[in-house]
Each structure stands twice: as C-alpha cells, then as structure tokens.
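Thanks, everyone. I have one structure to walk through today. Let me put it on the screen.

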Amino acid sequence: MNLTVTKGLLEQTPANVLVVNLFEGVKMPGGATGAVDMALGNLISSFVIQKEGFSGKYGQMYVLPTHGKIPADKVLIVGLGKNKDFTLGKLRELAAKVIQKCMKMTNAKKVVSILHGAGIGGFDEALAAQMIAEGTIIGSYSFEKYKSEKKAKKIEEFAIIDINEDSCKKAKAGVKKGKIFAGAVNFARDLANEAPQVATPTYLAKTAQAIKDVDVKVYEKDDIEKMGMGAFLGVARGSSQPPKFIHMRYKPSKPLRKIAIIGKGICFDSGGLDLKPPSSMLNMKDDMSGAAAILAVMSVVKELKPNIEIHALIAACENMPGASAYKPGDILTAKNGKTIEVDNTDAEGRLTLADALCYASDLEVDEIVDLATLTGACVVALGSVASGIMGNSQSLIDRLIKCGAAGGERLWQMPMYEEYKDSLKSDIADMKNTGSRYAGTQTAALFLQNFVKKTRWAHIDIAGTAFLDKPVNELKKGATGAGVRTLLNYILS
Ligand code: BES
Ligand code: MN
Ligand code: ZN
C-alpha cells in the first residue's frame, strides 16, 4: 500500500472510498467533512445524520454511495466518539478499523482520507498523521504466506488529503515516522508468526545478518562455550538445532549514551523434559517474540538515527526434550560464575536471559532493557492488554511506561518483593531456576536480577501481549510485535 499525504480538496479527489468523520452529537459537520457534505447536497447532514440516525459514536461507520456527485465512488463516514474522549490511541485504533472496513469493500483500491483529529480534534498534525499511518499499516497486516488463496484484499493507495500546506508538511513527517514504526511492528509479527520449523535460531541469526548498516556478530556453539554461557547452553542441549548468540550493534559517531536491548529468543518452547501439556505448547513458537521485537527495532534504526549506541542481544535456541536435554537436578554455571540448580526445565527463558544479561553487563552500557515472553503468571495477572514491567531503576521503568503509552502499548509495573527471594534458594547451588508457584512473574524477575551488576535495568514480560487469540485494539489475533513501539520511543527519547 502506498501511503501518502497530498494537498487538495477531499470533495474533488477521485477515489474508490473517501473517508470523513463526525464527532458524537454533531448535527452539522464543519471542516473537510462539512465541505464533502455540501458537495453531496447535504446528504450527510440531512440524510445520514437526520434520517439514518448516525450519531458519531466511536467506531460507528456508514457507507454512502455518491452517485457521481463527487469524483469518489463512496463516502465512508466514521464516528470519532465524544471530542473530549478522543485520544491519539483511539485515532490509531480507528485508522485500523477503517482500513479493515475498506479491505472488506468491493473495488476499494484507492482510499482517500481526512486527517482525523486535526482541526477541532486539536491534535498536532504530525502526531495525528503518525497515528493514521500506524493504524492503517498495522491494521491491514495479515500473515498469509502459507495460504494458497490470499484472502486479504490489497488497498493500493491510501492518501491523506488536507487543504493546508503547512498541515500537509507536518502530516508528511508524521506519516514517515508512522510508516517506520508500523513497518517494524509488522516485521516482528512476520518473524513470530513464522512456523517454528522455519524460524530457528539459525534463521534468526540470518535475519540479523541481513539487516543493513548494523554490525552483527553471531557466536556459534563453540564460542558460546568459550564465553562460559553454561545456563544458555544447558537449555540448548535438548535440541538438534544449534544455538546462536546474536550481537547486533548500532553506533553513531558521538553517542550520548550506550544501551543494551535483549530479547528472549526461544524459537520453540516445548517445556523440555518438564514437557508442557498440548494446549500450553500450542503457541510456543511465539517464545522468540522478544527477539523478534529486538530484530525489528534494529531493522529500522538506520532510518531513525537515534544518537545513542545500541547493543541488541539474543541468546537463540530451542527448548526441547531431546536425548541430551538438560535435566531437573542439573547444575548450570552462568557466565558470571553463579551456579543454578535446574528445578524445572520449562523455566528456560530466564536461563538464556541470565547469560545475555551477564554479556550486556560486561559491555558496560548505561541501561539494559530485556523483553521476554517469560511467565504464564504474567498472563494470569495482566491478561493480554498490558505487559508487566519490573527492574532495578524506577526512573528507567517510568520512562519506559511513558514510551509505551505513547506507542499504544500498556506497561504495568509489577513489584519485586524481596520476600520472594528465599524461594529461589537451592540446597546445593547458588540458586534454583524457579521460585514459589505464586508471584511467578516476580520470582522470575528476581532470578534475572542475579545477573545484572550495577547497571540500570528493566525487564518487560510480554508473555500475555506478544501473541493474541483474539483481536485487541488495532491488533489482530496472532503475533503483535509487542514491545517494538515502546523500544522505538525509548531509543528516540
Ligand atoms: N514461555 C513460557 C512462558 C509463557 C507462558 C509465555 C504462556 C507465553 C504464554 C516460559 O518459558 C515458561 O514456560 N514459564 C513457566 C515457568 C514455570 C515453570 C516456573 C510458566 O510460566 O509456567
Ligand atoms: Mn518454558
Ligand atoms: Zn519459554
């Protein structure tokens, strides 16, 4: 889809679908919607609103044929809800609903749209346009690679039309940013939706190597052994797929600070010898969603040019119950020398992250953020509309929560109560890999903390948000690219 901003009059623009809007309760539309109404001989105000009872409730839609009164074939009128309740997030979601509606309409190759939210909506034009671009691109995503018959109808062109030169200029900048953000989200979704026999650790490494303009180093099993990543290697042992430790680096000439982002990269989580029951194993190809997000961020970093040095790390492997699989009772030694008694082979993510966190700490970065589909307990606590966030720096956590909110991603801080540390104690090693059954999200974070030195660190548990079984806001079911927009805002802040 070609997404553009063009200066012009909506009512004079040829299109298959022309999108206008109404706030709730408005009887006489103004602005661009008013102009379209006038060109249609008041069909919107006197027919759609008066006779058809279109109230402008949020998400309400009405398709009006134009019968040649204007160059567009049809007008799609969308309700924005109450002006005071309208937010940038609602605009993003609405844009997704609009494109999904257009994709269901027959012969909708070219769509032209009003710049929702600008004008009486009071939004900055650049932000409004960014939301429309994000919603449109995220909303029109589908993963149909393996379908013999592609169902999704392609919209060829989506043009935002505005009469004001200056608004167009701002909107263009917004669209540019929105395209990058949404493109990255869809990049992550493609990776996490990919079949697990394809999206192996080797595939993730190749994906990293294919990203232009970032330095990529892939450590093979021997190198990983040499680095002393015994926890990561323990997990990898049960699979016939070789593990890969991926280190990507983006380095501007005079960076203001240096950060590391880490993504959990379990390409399939069977649970290992502590095998998961079938229903729990079903979506476990998504256990590399953190890695997918990190790769997605690095794939657009050259376009965004943040002035910080970014190290992106992925300890990629599968958690399988093969003949040489690690066993409950095994003692693993992490890169920092700490020993871990394996209590449950299904608590594998924290073991791979432990070594990645050690590696990040050794890089002497200012901040570390990890993204992981880590605990079922987080899904129980927060469901699928918020990720959990924890860490050792309240200021970093607060910043990430803000970056998430601006990107349409909710982060909810979970505590890390010291009392739960005891449950990780082992009789024969420095710690066990699982704590008490309750407060599982916290015990996982407390475990991870053992592998962070003094560096400011935040851990984001995306177990509930990375993969949906029913749509949430602008996202369809399947992989969501959780964390991508949060991290993009974070590297730009
Ligand atoms: N990958 C899972 C966590 C998960 C669960 C992600 C549901 C997405 C949806 C993780 O490796 C895991 O299995 N965690 C265990 C830990 C337990 C054994 C301490 C869990 O949460 O049950
Ligand atoms: Mn697991
Ligand atoms: Zn896992």
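Start with a helix pair. Helix 3, residues 88–104, packs against helix 4, residues 125–139, at an angle of about 40°. Their axes are 7 Å apart. Keep in mind that this is a predicted model.

What do we call that orientation? As for handedness, helix 3 passes helix 4 in a right-handed crossing.

Now the contacts. Helix 3 brings Leu88, Leu91, Arg92, Ala95, Ala96, Ile99 and Gln100. Helix 4 answers with Leu127, Ala128, Met131, Ile132, Glu134, Gly135, Thr136 and Gly139.

On to the metals. First up is the zinc ion, ligand 3. Which residues hold the zinc ion? The protein donors are Lys264 through NZ, Asp269 and Asp287 through OD, and Glu348 through OE. They lie 2.0 to 2.4 Å from the zinc ion.

Look at the geometry. There are 6 donor atoms around the zinc ion, and they subtend angles of 78 to 174°, which makes the arrangement octahedral.

In sequence, the zinc donors are spaced K-x4-D-x17-D-x60-E. Lys264 and Glu348 are 84 residues apart, so to speak at two distant parts of the chain that the pair links. Lys264 sits in strand 9, residues 258–269. Glu348 sits in the loop between strand 12 (339–341) and helix 11 (349–362).

Next, the manganese ion, ligand 2. Its donors are Asp269 (OD), Asp346 through both O and OD, and Glu348 (OE). The distances run from 2.1 to 2.2 Å. Along the chain, the spacing reads D-x76-D-x1-E.

Why is the manganese arrangement irregular? The 6 donor atoms around the manganese ion subtend angles of 71 to 168°. For six donors, octahedral needs opposite donors over 155 degrees apart and all others between 65 and 115. The manganese site is classed as irregular.

Finally, how do the two sites connect? Asp269 bridges the manganese ion and the zinc ion. The two ions are 3.2 Å apart.

That's my tour. Over to you.

How values were computed. Residues are numbered from 1 along each chain as its sequence is written. Chains are lettered from A and ligands numbered from 1 in the order in which they are written. This is a predicted model: local features need pLDDT of at least 70, side-chain atom pairs count only at pLDDT 80 or more; totals for chains, interfaces and linings use all residues. Side-chain values use heavy atoms; hydrogens and water are left out. Donors are N, O and S atoms within 2.8 Å of the metal (3.2 Å for Na, K and Ca); water is not among the atoms, so sites may look incomplete. Four donors count as tetrahedral if all angles lie between 85 and 135 degrees; four count as square planar and six as octahedral if opposite donors are over 155 degrees apart and all others between 65 and 115; anything else is irregular. Helices (H or I, at least four residues) and strands (E, at least two) are DSSP runs, numbered from the N terminus. Axes are lines fitted to C-alpha atoms, for helices over the stretch in contact, and angles run from 0 to 180 degrees between N-to-C directions. A crossing is left-handed if the near helix is turned anticlockwise from the far one by less than a right angle, and right-handed if clockwise. Contact means heavy atoms within 4.5 Å.
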